[in-house]
Structures are given as structure tokens and as C-alpha cells.
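This report describes a single protein model, from its overall make-up down to two side chains.

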Amino acid sequence: MYRQLMLSRRTITSSARRPVENSVKEKQKLFQEDNGRPIHLKGGSRDALLYRATITLTVFGAGCVVYELFSAAMPKKPH
């Protein structure tokens, strides 16, 4: 048991690490560029997709809330 534990620990700790490139300067240049786009859309198509999905879910959720409020406010008609 102890030998197996040591073997697994050695495998994990001896793995090679990839060097991480610092891309902060490129990101700063991209986001500070004056191209007329709002800051939340300067990241590209992925940001635009996330923005549209957020707006869609927000509008749908607000509609559900309004519907539930109106249905709770109206008395049920007896049959």
C-alpha cells in the first residue's frame, strides 16, 4: 500500500510542466484599442455569444417572473 502511494506521488510530481506565456501586454493592447466597441464585446465572437445568451436568459426570466406575478394576482375561477 505504501509503495503504491509513493509510486503515484512520484508520477504526479515528476511530470513536465509547460511554460506559460505571459499575454497580459497583448490583452491590454486589445482592450485599450479605440475601435468603438464596448469593453464587454472587445474579446471577440465568444464575448458576443456570451453577451447575447445572457441578455436572452435575462429577458426570458423577467417574462417568467411577470407571468407568475400576474397569475398569482388573478383569482382562480371556480368551475
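## Fold and local contacts

The protein's secondary structure consists of three helices and zero strands, where helices (H or I, at least four residues) and strands (E, at least two) are DSSP runs numbered from the N terminus. The elements run α-α-α from the N terminus on. This is a predicted model, in which local features need pLDDT of at least 70 and side-chain atom pairs count only at pLDDT 80 or more, while totals for chains, interfaces and linings use all residues. Residues are numbered from 1 along each chain as its sequence is written, and side-chain values use heavy atoms, with hydrogens and water left out.

Of the 79 residues, 3% count as buried; buried means under 20% relative accessible area, exposed over 50%, and partly exposed in between (1.4 Å probe, protein chains only).

According to an unreviewed UniProt entry, residues 49-70 carry the annotation "transmembrane region"; such annotations may be inferred rather than shown by experiment. This span is 100% helix and 0% strand, and its end C-alpha atoms lie 32 Å apart.

Ser71 belongs to helix H3 (residues 45-73). Its relative accessible area is 27%, so Ser71 is partly exposed.

Lys42 sits in the loop between helix H2 (24-32) and H3. Lys42 is buried yet has no salt bridge, meaning a side-chain nitrogen of Lys or Arg within 4 Å of a carboxyl oxygen of Asp or Glu. The nearest side chain of opposite charge is Asp34, 5.8 Å away; Lys and Arg count as positive and Asp and Glu as negative, with His and the chain ends not counted.
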